[in-house]
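Let's take a walk through this model together, one contact at a time. Have the sequence and the 3D view open as you read.

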Amino acid sequence: MKRNKLLPVTLIMLLFILLQSTLLRKLPGSFIYPDLALVILVFYSTGKGKMDGQISGFITGLAEDFLSLSPPGFNSLIKTVIGFIYGSFKGKVFIDPVFFPVIMTAVATLLKGFTAVIIAALFIKTESAPVVFTSRYAIEMLENCIAAPFVFALMKAFKFYSAEERGL
């Protein structure tokens, strides 16, 4: 299996994580921004399969761990699980331009929250557990869903996987 597109997609996700962790945090007020790296991970995993989804999810999650205050491995585990789950859909779903990216991204954002709560309950003290399922989380999910069709269209334009890999 060729992994020639793994590096460029992972670098794009790393770029978005870097932007989210540095520049976007400097915006005034309580600005909430979408998790574009998660949207790209959903797109890439669905097209390339479990192994590529896990690898890119792990690498970008590890970068997110180093750039944030989360414990080492926290985001890595979350993104690896999401990469695996969405990678298992390779060739099994037809992704239309609008509806499926929105649904898949909404489910991925919920899965990110559920996984964070489970990991926090098992391994992290309750006073330092992540706060999910709040109004800020709902806004992030809405922004992810709005951005999903555009990100999917942009990534398709760059042809990160062929028609054969998409199952067409």
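Start with E64 and K79, which form a salt bridge with their closest N and O atoms 2.8 Å apart. The term salt bridge here means a side-chain nitrogen of Lys or Arg within 4 Å of a carboxyl oxygen of Asp or Glu. E64 sits in helix α3 and K79 in helix α4, 15 residues apart, so this pair links distant parts of the chain. Helices here are DSSP runs of H or I, at least four residues long, numbered from the N terminus. Before going on, keep in mind that this is a predicted model, in which local features need pLDDT of at least 70 and side-chain atom pairs count only at pLDDT 80 or more, while totals for chains, interfaces and linings use all residues. Residues are numbered from 1 along each chain as its sequence is written, and side-chain values use heavy atoms, with hydrogens and water left out.

Now look at helix α4 itself. Its 14 residues (74–87) should span 20 Å at 1.5 Å a residue, and the end C-alpha atoms are 20 Å apart, which agrees. The expected span is 1.5 Å times one less than the number of residues. Why call this helix largely enclosed by the rest of the structure? Because ten of its 14 residues are buried. Among them are F74, S76, I78 and G83. The cover over the buried residues includes α2 (36–48), α3 (50–67) and α5 (99–123).

N75 is another α4 residue, and at 12% relative accessibility it counts as buried. Its side chain makes a polar contact with the side chain of S70, at 3.0 Å. A polar contact is a pair of N or O atoms within 3.5 Å; within protein, one must be able to donate a hydrogen and the other to accept it, and residues adjacent in sequence count only if both atoms are side-chain atoms. Leaving out residues up to four places away in sequence, N75 touches G61, E64, D65, S68 and S70, where contact means heavy atoms within 4.5 Å.

On to the rings. How many aromatic pairs does a search of the whole structure find? It finds three. F43 and F152 form one that is edge-to-face, 5.2 Å centre to centre with 75 degrees between the planes. Rings of Phe, Tyr and Trp (its six-membered ring) pair if their centres lie within 6.5 Å; planes under 30 degrees apart count as stacked, over 60 as edge-to-face and the rest as tilted. F43 is in helix α2 and F152 in helix α6 (residues 135–157), 109 residues apart. Both F43 and F152 are buried.

Conventions: Helix = DSSP H or I, 4+ residues; strand = E, 2+ residues; numbered from the N terminus. Buried < 20%, exposed > 50% of the residue type's maximum accessible area, 1.4 Å probe, protein only.
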